[in-house]
Amino acid sequence: MKLTHLEKHFLEFDHVEVDALLKQNDSDKESYVNVYEKKTVKKTKRTEGKQKLDDYATIKKALGAMSAEEKLALLKSLAQKEA
Amino acid sequence: MTWGNKNAKLILLIDRPASRAYTDSSIISGRGGQNLHLILDHAGISSNDAYVLCANPSDIPEQALMNAKGVLTLRGTDLATKLRAQLNGLDPYCVVPMGRVSCSFLLQDARLDKLRGSCFQYNGYKVIPTRNPFTSGFNTPDRYIISADLTKAKRMAVKEPYKPPDMNIMIDPAPNIVERYLSDAEVVSCDIEVSRGQVFCIGFSKDEDTAMVVNLDRPLPERGIMWRICAEFLDDPTKTVIGQNFIYDMNMMWRLNHIRVSAKIHDTMIAHHIMYPDFEKSLQFLTSMYTTIPYYKDEGGFWKSGVGDRKSFLYYNGKVCIATFRVWEKLKDKILGEKFVSQYEETISMYEPLMYLMYRGLNVDMRELTIVKHKLREEITSIDASLQGVVQKESNHECMELNYNSPKQCMEYFYSTLGLPPYRKGGKPTVDDKALAQLAKTTSSREGLYSAQLIQQLRQRKKLFSTYLDIDFDKDHRFRSEYKPRGTRTGRLSSSKTFWGSGMNAQNVPPEMKAFLVADRDTLLIEMDKRQSEWVITAYLANDPEMIRVITTGVDPHAATAEMVTGIPLEAIRAENKAIGHTTNPEEIDRIRSELIVEELSAPFKLLTSGCFLPRTLSIRQMGKKCNHALNYLMGARQFSLETGMAEAECNEARNKYLTGYSRLPEWWEEVRKTVQEDRGLRNICHQYRAFVGTCDDAMLKDAVAHLPQSVSAWMVNMAMVDIYHSPHAECVAGEMLANVHDSILFQYPTDKLDELARFCSVAKYAMEPELTSPAGVSFRVETDIKIGLSWGHMVETTFQDVGDTAWKLVQAKR
C-alpha cells in the first residue's frame, strides 16, 4: 500500500504526460467554481445595511489618505451640516 | 489618572479605566487591574519601567467613539487627536495600545486580532498593539500572549527607530536561477499558494532573509520545466523541507500535479501545537510570537479577492516562506529535544498514510444513496404521523396538530397548551435540543414527554438529510475528506470536507450514510475497531481491581457495569438488550419487558427484576454503556441525565453505584489533579507530554482525566496506521487503507487474494495491539474487533480466525 501504487508521480511522467497533466490543470482552472464563495453569494442580499457598510469602507479609505487636521475639519463640517 | 513612571519610555495605553479606578484611586484596579499586574510581573515590567495611560479616561461608550468596523466618530477623532498630542509630549520610544479603541486611536485600524504583536513605526515611536488585559486577561492563554507582547515592547523601548526585517524576495525567476538557488540548499521552508483551484506559485526560503518564489502561472512548456525542477528538489530524501501545515501543501501538490515529497519534513504548526496545545496555531499567530515580522497576511488575501496584483501575491508567498523559516529556527531546539521529539516525529510520520486516505477516498453507491434518501423521507413521514397521535393524547385534544419545524408552534404546545414552565436560553423560552431533552425526561412532578423525544428524532433526521445526504461528492463518485494530524489536543485526528467543498468529516459518519459508502469492485471492506478502548485503558491507569477483573474475565464491560448498577443478573440484561435494541419509546420498552421471558434462567424478566432500578427510556445494557462512557470522566448526575434522557434521581443512583463499584476511580482523579497542579502537565503511558495552562479547576481536571486514555487510544490507532502503511509484508501491498475513525481503521482488500486476507488481518491486528504498561507496571493490550462487508453500513462481525471463511462466504453470497 503506497501512494505511488495508485498513480505515477510527476518525475515518472514523460513530456507528453506532463503536457496532458498541465493542460488538464488549465481546463480545471477554467471550470473552477469556488464552492465557498458560491454559497456566500447565494446567501448575501444587497440590503440597505450592506450598502451602509460599503459606504463606511469607502469613507474609511478616503479618511485614511487625509491628515489628522483635514479629517477633523471634514468631520466638523459634516456635523454642522447635519445639525 | 495614570500609573507608573511618567518619564518611562514604554507607554501602555489601556482602553478605559477599571470600573473601580476612581474609588480605588488607581487606573488599574479591580479584577482586570489585578490581571494586568500579574501580566506586568510576568513580563518583568515594574512601575518604574512603564507609564500607563488611558485612551478613553471619561469612559465614553465604545459605540460613541467608533463603529463596528473601527471607523472613528467625531468624538472618537477628537479624543484620538488629544491622545496623540499627549503622547508626543511624553516622547516615548514604544507605545502598547491594549485594546480595540486605543489601537484604532493610534493606527486608525481596529483589527486587533490581526495587528496584535506586530511592531509599527508611527509618529516617531514604535507601536505594538496587544489584547485588552481587562477582558482577554481572564483567559489564561491570552494572559501569556499579552505578556509576550509586553516583553517584546520592553525590548523595543529603545531610541533606534523600528526597522522591519530585511527580506530579499526573488519573484518569478528563470529556470536556471531556480536551479542555482536550490542546488546548495539543504534545509528550506516551502509554501504554495493556490488560486482558482490550481497551484499558482511555490516559494522556497533557505535562510532567514531570502526567499525565491517560482511563478507557476505561466505558459505550458516553461511551467513543465519549473515543476520538474521543484519536483526533483522535493523528491530528494537528503533535503529537509519545513512547512506550516505542510500536509495541505503536500496533498494539493499530489492531487493536482502528482508531486511526491520524499524530503525530510518539519512542520511548524505541528511543533507549536505539540508544545503549546492551548494556543492558536496559525502562521499569523506564530509569526507574531516568534518573529519581528509585522502583520502581512492582508497582502495575499487582497489578491485572492481580486484586489491587488499578481506581484504582491508572489511577494506574499515569499514572506510566508521567510516567516516559516524564522519560526522553525525558534522552535526547533525545543521540539527536537528529549521531551517532545518522539511525539513530534510520530505525528510527522502520519503524513504519508494520511495522504493515502485523502487521495483514495471511498466509493459511493449513488443508487443506494437515492434509496437511503427515500427511506429517510418515509421515516420522517412516519415519525411525524406518530408525533401527531402523541400530541393529541398528551393534550387530550383530538384535533391537536404540531409542526415540528416551527419552534413557535412547539413552544406554544409545550408552554401554553400543556402549561409547562418554560426552559429558557438567555432569558427567552426555548425548545432547543437541550430543552427538548429536559422535557423528554421524567421529573418529580411529571412524566417525561414522548412528543419531545419524537421532535428530537425528527430534527435529527432532518439534520441527517441536510448535513450528510445532500453533500457533494467528487467527480469520480468518491467520498473524500481532509485529515488534520493535530486536529485535537489529545492527538486524535480530525477531518473535514475537502478544499473543493466535497465530502465531509469522515469520523462522524452516521450509519445511514455508511450504507452507501461501499467497497470498490472485486474488493471487500474490513473494519478493525479497538474494543472499549478508553474504558480498558482507564481501568489500567486507575488500577481498579474490579474493572480489571471485568476485562480479564472477558465479560462485556457494558453488561457488567449494568449488572453492578442494577443488581440484575447478566443473563436477564443480555436477553433484555436483545429484545429492546435501540428503542427509546418508554411504553414500548415497558411492554417488551412485561412480555419477556429470560430463557437461560427460565423466568419472566419482570419477576427477576422486581424491586430493581430500571431505566425507562433505554435498555439496561445501554445504560451500562452510557455509564462507562460518561462516568469515568467526572460527569455529574445532571449532565448524565441530560445526555441519557434518564431522570436525574436515576442518574444519581447509577452514578453512586458506579463509583462505589469501581472505587479506585475517585482516587485516580485525585492523583491526576495533583500531577497537573504540581507539574502543569501530564505524560501518558506512551510517553507523550501535554502541557496544561491556567487554573486547575474542575473543567481542567475533566480535560486532563479524559486526555490520558483518549490520547493513548488515538496513539495506538495512528501508529498502527503508519506501521501497516509501511509494512514490508507482501500481504499488505494488496490492502488499502480508506478511513481512520479515532478507534478504528477501515481497509479494503481485493477478493481475488482472499487466501492472503487472514495474514493481512493478523499483521494489522499485531500493529493495532501494541503492548502497553500501566503506571503500576502491569502489561496489557487492548483487544481489536473485526468486521467485514461490502458496504460500510452493513458489516458482519467475525473473528481473526474466521475472517477468511467469512469473506469467502460473503463473496459467494454476492455472486
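View 1. In chain B, 6 strands make up an open sheet of mixed pairing, ordered E1-E3-E2-E4-E6-E5, where two strands pair if DSSP finds at least two bridges between them; strands (E, at least two residues) and helices (H or I, at least four) are DSSP runs numbered from the N terminus. Strand E1 (3-4) and strand E5 (120-122) of chain B are the edge strands, each pairing on one side only. Strand E2 (residues 10-14) and strand E4 (residues 94-98) of chain B are joined in the parallel sense over 5 bridges, and B:Ile14 stands opposite B:Met98 in E4(B). Residues are numbered from 1 along each chain as its sequence is written, and chains are lettered from A, with ligands numbered from 1, in the order in which they are written. Because the model is predicted, local features need pLDDT of at least 70 and side-chain atom pairs count only at pLDDT 80 or more, whereas totals for chains, interfaces and linings use all residues.

**View 2. Helices against the sheet of chain B.** Helix H7 (residues 140-156) of chain B lies across E2, E4 and E6 of chain B and runs at about 160° to E4(B), with axes fitted as lines to C-alpha atoms, for helices over the stretch in contact, and angles taken from 0 to 180 degrees between N-to-C directions.

**View 3. The largest nonpolar core.** A nonpolar core is a set of buried Ala, Val, Leu, Ile, Met, Phe, Trp, Tyr and Cys residues joined through C-beta atoms within 7 Å, and a residue is buried if 20 or more other C-beta atoms, placed from the backbone, lie within 10 Å of its own, exposed if 12 or fewer, and partly exposed in between. The largest such core has 147 residues, of which B:Val214, B:Ile526 and B:Met737 touch the most other members. Helix H14 (residues 310-335) of chain B gives the most to this core, supplying 13 residues.

**View 4. The side of chain A that touches chain B.** Here 28 residues of chain A are in contact with 36 residues of chain B, contact meaning that the C-beta atoms of two residues, placed from the backbone, lie within 7 Å. On the chain A side, H2(A) gives the most, with 7 residues.

**View 5. Domains of chain B.** Chain B is divided into domain 1 (3-156), domain 2 (168-343), domain 3 (376-467) and domain 4 (545-662), with bounds that come from an automatic or database domain assignment. The C-alpha centres of domain 1 and domain 3 of chain B lie 50 Å apart.
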